[in-house]
Amino acid sequence: MNYLDLTITAMHEALVKKQVTPLELTSEAIKRIKEDKNNAIEYLCEQEALAFAKTLTTPEKDNPLWGIPFAVKDNISTKDIPTTASADILNGYVPIFDATAISKLKAKKAVMIAKTTLDSLAMGGSGTTGHLGKTYNPYDPSHTRMIAGSSCGSASVVSSSIVPFALGSDTGDSIRKPASFAGLVGFKPTWGRISRFGLFPFVPSLDALGFFTRSVEDAAILLNVLAGHDEADYTSSLVQVDDYTKELNNPLKGVKIAVIQEIIDSFTDQDIIKRFNETIKIYQSLGAKVDYVHLDKHLLMTLFPTYYIISCAEATSNNANLDGIKFGPYYDADNYIEVMKKARTAGFSERIKRRFVLGSFALMKENQNELFLRAAKNRHKIVDEINKIFKDYDVIYAPASPSIAPRFDSVTNQLQDEYLIADNYMCIGNFGGYPSLTLPVGFKDNMPFGFNLTAKPFMEAKLFNIAKALEDKLGYFNLSARNKK
Amino acid sequence: MNYDVTIGLEIHVEMKTKSKMFSSSPVGFMQEPNTLTSAYDLAFPGTMPIPNKQAVINAIQVAHALHMEIDHELHFDRKNYFYSDLPKGYQITQDKRPLGHDGYLMIGKEKVLIERLHLEEDTAKQLHFPKFTLVDYNRAGIPLMEIVTKPCIHSAEVAAKYVETIREIVLFLGVSDGKMEEGQLRCDVNVSVKRADSKTLGTKVEVKNINSFNHIKIALDYEIARQIKAIESGEKIIQETRRYDEEHKATKAMRVKTDSVDYKYFTEDNLIPIKLSDEFINDAIKTSHELASEKRERYQKQFGLSEYDTNILLASLDITSYFDDCAKLSKHYKAIANWLMVDITAYLNKAGLSIKELTITPNQLVELINEIELGHISNKQGREVFACMLKEHLDVKNAKEKLGIVNQDSSDITIRQLVIEVLDNNAQSISDYHHGKDRALGFLIGQVMKKSGGKVNPALTSKIMIEELNRRKK
């Protein structure tokens, strides 16, 4: 047992008691990164982190992040630290400003250890498409199973106990899905609750900056630091910031949990379903009311295509700044068109180009009504239905993934309900801008899996309360591949 | 054969706000390249747009001046295209819901219908060289207002006058300096010509690159004549973009317009719709500077200035500001106008200065004018004082002292005493005057001036002299 294996809360206690120093934690984290075999790191901030950690000598009792090491998904802008979004087109790009979330963590004197891998430009869910190749799941040393993405590197380093938390971004389920496969708490806030300034945009209306932790309480503590209006993000909310830890240990009596029958019906893994039913019993035993509600299955089947069209379309525009002229590798040519073509041809993966082509197609004047705008309308329709459920319930509850992490060579039938609904329904959280959290609930074949809770906008405190109740009962707290039981 | 001409105009106005449309970098013109930029202007990943409130206020003021309906919600869209002067690969603009719509502007008796006014951000400026191109991002993100007319103008004169009037509006509202030569006001013109008896509209040709007010009419006259000539010789007018060639005073083909470019407009989700309350809009309108047309009316109706004088004053916003400052201090409007139009303008032109650099304040000018109007000094002396004030940087009092000018005596009683004395000693002249010899009056006044040592006001002396003469009429 090393102090670096602790959760934020426990690590903070050890720091305050001077049982360990930020420098020791930082050195250990760097050592673990160097030994790590999961290809989760884009940039190791070795000198920067050590230099900063050395300055941290007087523990701050009331600052839970003082001296705590953390990692950051590489699509979040970090001043003077290369930020590539795991895309060749951004090789060599060194931002001149920090994302607001980074500024806030720096102000709290948390220690940034590394930038982590992602599916290139956060477009993808497999954790295999970054320019450094596949990122592996620390629970599977044979490297046959995914950790998923797009926040693959951040999930991996928290799961390996390299850091107790890492920032990620979530546009469809890019935090909450890998959290399921890595046995972590993965959280995305209400849209606008955490500033997106400095987060490389993929789909602004769906994007959320969130994080991985190894406990629900840690997630609440982090949100306390990161939530709030930001002058630099016009869409950041003016709703007053809560103390997100205040309801953590409230009794669940009176809490209403909705389970959408049609979502559950799309799951086929009996172990997952069995475990799900067990947790429902737990919730009931804790005094929560759990009801099965209905939502048109056909509407659920449109979730993935709706997400795909909106995200591909907007991604074309949000990445149009990557033209090789202002930053990133420059390719000389006779005219600007050739300069851009060369940069974009070399700098984007085939997968991304395919998405751009699809996205452009959906935005074309002659197709926009039939594709992009239709998808946007359908998104609203889905949100309307979900809001109806939220009139009577606090959270919607379902497994966060069809099963444990899939193998890299597994083939998915993309027309099955299991893919269309079970594997993709979590984008509901992004469609409606709802706060949403995945927490670990079990293991199968020595691989973890998690369940997801999605709440009404700005009801994060309640969401943490409901999640922690289950965490407490199951005892899946501070899981990591390093310290498997 | 008669021809119908149809013209529509798109005018882009660069605003002189403190900061850019969506970033905090300062707005400046003719500055060292790439010194007025920020991470947003260069589209660094993760930067986000923050709308400029003043730009919105400006746009409301102009929309109001153009009698437009003003949208109570601000919506922004993206216009997507790749170009080396467009850092983000899209421009934030207002496609679906422009800030202003359906307005008009009277040009003489013609009503020019204005379809829309919307806000957007300017692109970077490119400097092309044979082997390379340089990009100056100072311009990238400067707030732009685009004002689009309906195709409703039928002559080059009205089109040119319309652009002039738009310039005057943005200039007087303080929104832009409207310098076409510096690209602060840019206009693209669509021109089509058809035979008067033809039912179908002519082919639309776009003319760009008109960068001076003087060129608008020349360019349009040329283009209209070119199209008429083409039609008469049976040529087909090509739908194309042409540019105005200043050197040849002609329009030259630039590119053929195939299917118009698909800009794939869609909503800008980094800017949630912004509600504009009645209060906000009304405040913007209430705090508008006075329009040129309003000034023109006020100068003529309230101040009694001629149309000619008014137009001369209105040729410069700064002159009108100076005039307005003076007019608050004195009712001698005509005299103020005269000083501005004649002596001050002459001085400024000669010295190569602008009125903002004039050392004589409105207060001082009004004081000088009062001296003259009260008869303390003559017009001629006034000019001397004026010159001395400029040269020696003195106020009126000190300039007079320096020149040794003492006040003319304008006391009625003193003058009347002198007049009576002179009349008592010149019975013959009185008689001559009463027998119609006007010269006698001049002689008598001369006597008074002499007696006073030249210190009495001649006009007043003349008036009193006539009164006294009439009193002695038998």
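**Entry 1: a helix pair in chain A.** I started with the crossing: helix 2 of chain A passes helix 3 of chain A in a left-handed way. A reminder to myself that this is a predicted model. Next I looked up the geometry of helix 2 (residues 22-35) and helix 3 (residues 46-55) of chain A, and found an angle of about 165° with the axes 8 Å apart. Angles over 145 degrees count as roughly antiparallel, so that is how helix 2 and helix 3 of chain A run relative to each other.

Which residues of the two helices meet? From helix 2 of chain A I noted A:Pro22, A:Leu23, A:Thr26 and A:Ile30, and across from them in helix 3 of chain A are A:Glu46, A:Ala49, A:Leu50, A:Ala53 and A:Lys54. Sorted by class, this contact has six nonpolar, one polar and two charged residues.

**Entry 2: a cis peptide bond.** I then checked the bond from A:Gly149 to A:Ser150 and found it cis, with omega near 10°. I placed A:Ser150 in the loop between strand 3 (111-116) and helix 5 (152-159) of chain A.

**Entry 3: two asparagines with positive phi.** A:Asn478 has phi near 55°, and I found this residue in the segment after helix 18 (460-474) of chain A. In chain B, phi of B:Asn34 is near 60°; B:Asn34 sits in the loop between strand 1 (3-14) and helix 1 (53-65) of chain B.

Is A:Asn478 buried or exposed? I count it as buried, because it has 21 C-beta neighbours inside 10 Å. B:Asn34 has 15 other C-beta atoms within 10 Å, so I wrote it down as partly exposed.

Key. Residues are numbered from 1 along each chain as its sequence is written. Chains are lettered from A and ligands numbered from 1 in the order in which they are written. This is a predicted model: local features need pLDDT of at least 70, side-chain atom pairs count only at pLDDT 80 or more; totals for chains, interfaces and linings use all residues. Axes are lines fitted to C-alpha atoms, for helices over the stretch in contact, and angles run from 0 to 180 degrees between N-to-C directions. Helices (H or I, at least four residues) and strands (E, at least two) are DSSP runs, numbered from the N terminus. Angles under 35 degrees count as roughly parallel, over 145 as roughly antiparallel, 65 to 115 as roughly perpendicular and the rest as oblique. A crossing is left-handed if the near helix is turned anticlockwise from the far one by less than a right angle, and right-handed if clockwise. Two residues are in contact if their C-beta atoms, placed from the backbone, lie within 7 Å. Ala, Val, Leu, Ile, Met, Phe, Trp, Tyr, Cys and Pro count as nonpolar, Asp, Glu, Lys and Arg as charged, and the others, Gly among them, as polar. A residue is buried if 20 or more other C-beta atoms lie within 10 Å of its own, exposed if 12 or fewer, and partly exposed in between; C-beta atoms are placed from the backbone.
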